[in-house]
Amino acid sequence: MKNRVKKMLKNPMLIIFILILIFFTPQALISPGQNRDRGVVIAIGIDQLESEYEISLLTFIPTAQNSYKELTSVISGKGDTIAKALYNAQITMGRDIGLSHAKTTVVNEKLLEEDVAEYIDYLSRVTSLSENTVFICTNSSAKELLEASSALETSVGLQLEQIIGYNAKNLYVTDTSLEAFYKGYYSESKSSLIGYISLTSEDPDASTATQTGAEQTDAEGGGSSEGGSGKQDGQQSKQIKNDGQAVLIKNGKKQQILSVDELNGINLLNIESLNQIITINDVNYKDNKLRYSFRIKNKRINKVSTFENGYPVYGAQLILGLELVEIDGPHENLKINTEFSELTPEIVKKLDDELKTQFTSALKILRKNKTDVIGINETFFKENRKEYNRFIKTIGGPENFLEYVNFKINFILESD
Amino acid sequence: MRDRISMRQAGIIICLTIFSNKILLLPALMYNFIKADGIFSIIILFALEFVCLPILFLLKRNFPDEKLHDILKKYLTVVGAKIIYFMLLVFMIFKVLLTFSIVYVYFKQQIYQNEFIWIAFVAFLPVVNHAFMSGIKPTARTMELFFSVIMAGFIFCLVISLFTTISTPTFFVSSAKNIFSSVYKYAFTFGDLLFMFVIIDKIDYRRRQERKMYFYTFLGMLLVVLLFFLFYGKYQITSFMHNNALADLLVFSVQFNAIGRLDIIAMLTIMFITLFQMEIYCYGFCDCLLGIFPLLDKKYAIVVFDLAFFILYYVFIGKYEVIVHATVSWLPILGVIIGYALPILCLIISIIKGRKNEKSG
């Protein structure tokens, strides 16, 4: 036995293993749990106030309890720089901040008046804010949006990134993530599209998705923490309103807020964008003027980009499979969903006009703001590189390119 | 000879050394310099490296049981051999440092976010030291055992990226001059086949099994090129922002966020690859040191390695940015001299020896 132990101790790896155990086991046993030192941030909000910034953190504090309910709270800090605001929020929370679990990043509209990438870049590089975090803008304050989202999650279990995730999939047809924002920001056109969620004031009595919570503020420390969610009794609580809007951004600054119709117009050339509703009015049917609503059920696109007489021409043939989903009119019997419908020349003409109007107005916005979020520059660069580079030199840069492109869009409409 | 490795094991070692310093930071650095044309740059560098393999076989055929040091001594005198071995020594220690620094920063981001350098030293160095003390055969055997696991992890990371939007990277954006400049600039990150020259006497060479080594070399190179392609295809214009290529292929697969932290697979794969790479370069360093000072014992060699590692890390390197900057500033000179000039020298020596054999035979 003694010999065996002696033999075993001759193995240097065993000695090292024992030494590691001796050194690290007591240290591991006496050190506090990581949740004591580190706060898990699941969403971050950045507000630009009059003369300072406010960072709000929707945190999740793991606590042993009888139910599976997670305790979340919004903690904020103010400072004249983002770093200082974050530092103050950290002091308020009493823990180190880990942003690697942050799923959502919210900024207020005012912050988008300057190059937002400067602020976000700090968070990405220094505090490990993940690039796949959902990146959105709100009309009032990011802090209030986080409070409202906390309430929404508590009441119906709906998370902010789920709401915006639906928009991203069906309306923006791109991720509304930091990564997508950066992709646009560093592209030739320096334009991106991010989600927009507004907050509306509601009568406190009518509020259903908020809870009352205790609010503490610490004016000296520049921070505040709000347990639970919502506002105190008597105060107007705010609710999340998702209209499917998006913010058009150029060089990190807000250019315009786009409505759903405008987004649909932009997405006409996007093969992944489906389910849009197109409504046409005054369709003649047995002496009645009816309103038809069609849904884009499937889409095929044939695209070609060329230079004709030295000018760029973008041709696209869109073959749309349309499903008649609703007919409104005086004839009661027609107020039903119709699976089979015939596209008469009149309907085709009206639909064609409607789609072209949608696309033209969307294009007008993109041209006005010099924001090529539909990748026209990229398409021409890939397919006609020499002509593109030559042309760009004559027009003073890629950001002006969209203005010179002639679009030849042809719709082939089929009943589906 | 007990401490000898088979051709298959040698192939596995080559495959794992090919991954070194290329699977995390290099794709982002290259994109920053020459955009997606970085793929052409690595293909050129791999082609140059692949040519070293037949040279290795030629040398082995002409000097079946001789050490590289003895071969160089015969043709370049003792001083010449020692100078080359000293350069190899510097090459190996900086390779270890570069590998360690990049991976340390990656793990710091992924796990703790705070400094944990002592834990990292404790985790890596004993294993690395033990590998050298045990010899090349047990080390190669361990690599052989874990090779399939590493491959599965690596390929998994590549495959998962296919579930997100991948578009063909935009090529031919940089000039030919820039592409060839990058070949020089990143030369130090390549030239990993040199290790095989150092341990040439320990390879149980069989001519019929040469294709095994070709296969593993090709496999390693193919996987790295695929990694570059998928990484550039996935991130495109923002590739320069993602410093951990293999891990980022997984982490930013938004669809998989619901499943949880799949990046643990990338972490484990990177951890194994790093451990083996450090073992390989540590072995290379110690072997070179024993070549320069033949009277030294293995134990002394490993102590010198540990001391050199600590001193360089703390005194000269300290910050990861310093070593990364060194790899593109002065280390490429060493990379070119050692990585390409030495194989050419070996080729010349082999030809001379071959002619001598023909004359005498």
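**Helix packing and chain contacts**

A: In this predicted model, helix α5 (residues 117-134) of chain B packs against helix α12 (residues 298-317) of chain B at an angle of about 150°, and their axes are 10 Å apart.

Q: Is α5(B) roughly parallel or roughly antiparallel to α12(B)?
A: Angles over 145 degrees count as roughly antiparallel, so α5(B) is roughly antiparallel to α12(B). The crossing of α5(B) past α12(B) is right-handed.

Q: Which residues meet there?
A: From α5(B), Leu125(B), Asn129(B), Phe132(B) and Met133(B) meet Lys298(B), Ile302(B) and Asp306(B) of α12(B). The residues of this contact comprise 4 nonpolar, 1 polar and 2 charged.

Q: Turning to the two chains, how many residues of chain A are in contact with chain B?
A: In chain A, 15 residues are in contact with 13 residues of chain B. Both α2 (12-30) and α8 (178-185) of chain A supply at least two residues each to the side that touches chain B.

Q: Which helix gives the most to that side of chain A?
A: The helix α2(A) gives the most, with 4 residues. That side of chain A divides into 6 nonpolar, 4 polar and 5 charged residues.

Q: And what is the average pLDDT of chain A?
A: The average is 81, and 83% of the residues of chain A score at least 70.

Q: Where is the pLDDT below 50?
A: It is below 50 over residues 206-234 of chain A, a stretch with 68 contacts in the model beyond near neighbours in sequence. Where pLDDT is low, the predicted coordinates should not be read in detail.

Notes. Residues are numbered from 1 along each chain as its sequence is written. Chains are lettered from A and ligands numbered from 1 in the order in which they are written. This is a predicted model: local features need pLDDT of at least 70, side-chain atom pairs count only at pLDDT 80 or more; totals for chains, interfaces and linings use all residues. Axes are lines fitted to C-alpha atoms, for helices over the stretch in contact, and angles run from 0 to 180 degrees between N-to-C directions. Angles under 35 degrees count as roughly parallel, over 145 as roughly antiparallel, 65 to 115 as roughly perpendicular and the rest as oblique. A crossing is left-handed if the near helix is turned anticlockwise from the far one by less than a right angle, and right-handed if clockwise. Two residues are in contact if their C-beta atoms, placed from the backbone, lie within 7 Å. Ala, Val, Leu, Ile, Met, Phe, Trp, Tyr, Cys and Pro count as nonpolar, Asp, Glu, Lys and Arg as charged, and the others, Gly among them, as polar. pLDDT is the predictor's confidence in each residue, from 0 to 100.
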